[in-house]
Amino acid sequence: MVVVQGNRNVTVSQLHSNFAEIQSELKRVLDGINSGRILESFDILSKVTDAVVVSCEALGLASELPVVETFHRDNFWRALNQCWLVALQN
């Protein structure tokens, strides 16, 4: 799980890797929900959310300054929120 707490010297490559891992985990959540594995999916989603909250500053999610040129912060938060909405609807 991605946790880069307090480390402000994260490379662009590490950020891409961290966001790819988060995206992969969110996909697992949605796949699990679609397969009826609701509790397992909530567990994964909770862990991902905890890791994002702990690491949000190091991941560049707590600032308006661009961290990675191709990264869209609003889309990231929207996707995480959408995952929660889908999970809660099931």
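Helix α1 passes helix α3 in a left-handed crossing, meaning that the near helix is turned anticlockwise from the far one by less than a right angle. This is a predicted model, in which local features need pLDDT of at least 70 and side-chain atom pairs count only at pLDDT 80 or more, while totals for chains, interfaces and linings use all residues. Residues are numbered from 1 along each chain as its sequence is written, and side-chain values use heavy atoms, with hydrogens and water left out.

**Helix packing**
- The axes of α1 (residues 12-34) and α3 (residues 73-89) come within 10 Å and cross at roughly 20 degrees.
- The two helices therefore count as roughly parallel (angles under 35 degrees).
- On the α1 side, the contact (heavy atoms within 4.5 Å) involves Phe-19, Ile-22, Leu-26, Val-29, Leu-30 and Ile-33.
- On the α3 side, Phe-76, Leu-80, Cys-83, Val-86 and Ala-87 take part.

**Thr-49**
- Helix α2 (residues 38-55) contains Thr-49, which is buried at 18% relative accessibility (buried means under 20% relative accessible area, with a 1.4 Å probe and protein chains only).
- A polar atom of the Thr-49 side chain lies 2.8 Å from the backbone oxygen of Leu-45.
- Leaving aside residues up to four places away in sequence, Thr-49 touches Leu-80 and Trp-84.

**Cysteines**
- The whole structure has zero disulfides (pairs of cysteine sulfur atoms within 2.5 Å).
- Cys-83 is buried, with a relative accessible area of 3%.
- Cys-56 is partly exposed at 21% relative accessibility (partly exposed lies between under 20% for buried and over 50% for exposed).

Definitions and conventions:
Helix = DSSP H or I, 4+ residues; strand = E, 2+ residues; numbered from the N terminus. Polar contact = N/O pair within 3.5 Å; in protein donor to acceptor, adjacent residues only side chain to side chain. Axes fitted to C-alpha atoms, helices over the stretch in contact; angles between N-to-C directions. Parallel < 35°, antiparallel > 145°, perpendicular 65-115°, else oblique.
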